Amino acid sequence: MKILRFCWIIVPLFVQCATAQQQTLQASLSQQVSHWLSQLSQDQRQKAQLAFTDPERLRWGNEPYNMHPRKGLTLDEMTDDQKKEVHKILQEVLSEQGYIKVVNVLRLVDWLKKNYYHAPDDQYYGDGLYWMTVFGDPA
């Protein structure tokens with residue numbers, strides 16, 4: 001019986017802590033995405049920010065973009081500072097291990113483009129052909 005009482009005390013405390021952590025993450029992420037959007041030119045922002053109801057939000061594909069066109073802003077279209085902000089956002093939403101995997105995939109794709117599959121000027125493969133799209137208002 002004592003164990004059951006202890007569980008009833010711990011579970012609400014855990015849920016309350018998880019909710020507080022989610023609110024903190026949501027606020028931080030909202031701030032970071034808003035900051036990234038503020039760094040974009042008007043043309044870049046038009047490409048990067050779409051309405052939450054845009055049908056693109058429900059589409060997904062991992063085929064090369066000539067087979068599966070995408071909306072959004074590519075890493076190639078961003079300045080170095082804008083790319084740094086994207087990496088900060090990724091670090092916020094992913095675990096450390098998840099972020100490392102993303103960085104390694106970017107490196108691998110770039111290496112494969114340069115050394116194995118395609119010519120360096122190939123426009124269908126490369127670490128810059130990853131899109132960032134914000135649906136709706138992050139605030």
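A residue is called buried when its relative accessible area is under 20%, exposed when over 50%, and partly exposed in between (1.4 Å probe, protein chains only). By that criterion, buried residues account for 27% of the 139 residues in the protein. The model is a predicted one, in which local features need pLDDT of at least 70 and side-chain atom pairs count only at pLDDT 80 or more, while totals for chains, interfaces and linings use all residues. Residues are numbered from 1 along each chain as its sequence is written, and side-chain values use heavy atoms, with hydrogens and water left out.

The secondary structure consists of 4 helices and 4 strands, where helices (H or I, at least four residues) and strands (E, at least two) are DSSP runs numbered from the N terminus. Along the sequence, these elements follow the pattern α-α-β-β-α-α-β-β. With contact taken as heavy atoms within 4.5 Å, 68% of the contacts between residues at least 6 apart in sequence join residues at least 24 apart.

Helix 3 (residues 80–93) packs with helix 4 at an angle of about 140°, their axes lying 9 Å apart. Axes are lines fitted to C-alpha atoms, for helices over the stretch in contact, and angles run from 0 to 180 degrees between N-to-C directions. Helix 3 and helix 4 are therefore oblique to each other, since angles under 35 degrees count as roughly parallel, over 145 as roughly antiparallel, 65 to 115 as roughly perpendicular and the rest as oblique. In this packing, His87, Leu90 and Gln91 of helix 3 meet Tyr99, Val102, Val103 and Leu106 of helix 4.

Helix 3 also holds Gln82, which is buried, with a relative accessible area of 3%. Leaving aside residues up to four places away in sequence, Gln82 touches Trp36, Gln39, Leu40, Gln44 and Glu77.

The side chain of Glu77 in turn forms a salt bridge with that of Lys47 (2.2 Å, N to O); the term denotes a side-chain nitrogen of Lys or Arg within 4 Å of a carboxyl oxygen of Asp or Glu. This pair links distant parts of the chain, 30 residues apart: Glu77 is in the loop between strand 2 (73–74) and helix 3, and Lys47 is in helix 2 (residues 42–48). Glu77 is partly exposed at 32% relative accessibility, and Lys47 is partly exposed at 36%.

By the same rule, the count comes to 4 salt bridges. Among them is the pair of Lys71 and Asp54 (3.6 Å, N to O). Both residues lie in the loop between strand 1 (49–50) and strand 2, so the pair ties together parts that are 17 residues apart in sequence. Lys71 is partly exposed at 40% relative accessibility, whereas Asp54 is buried at 15%.
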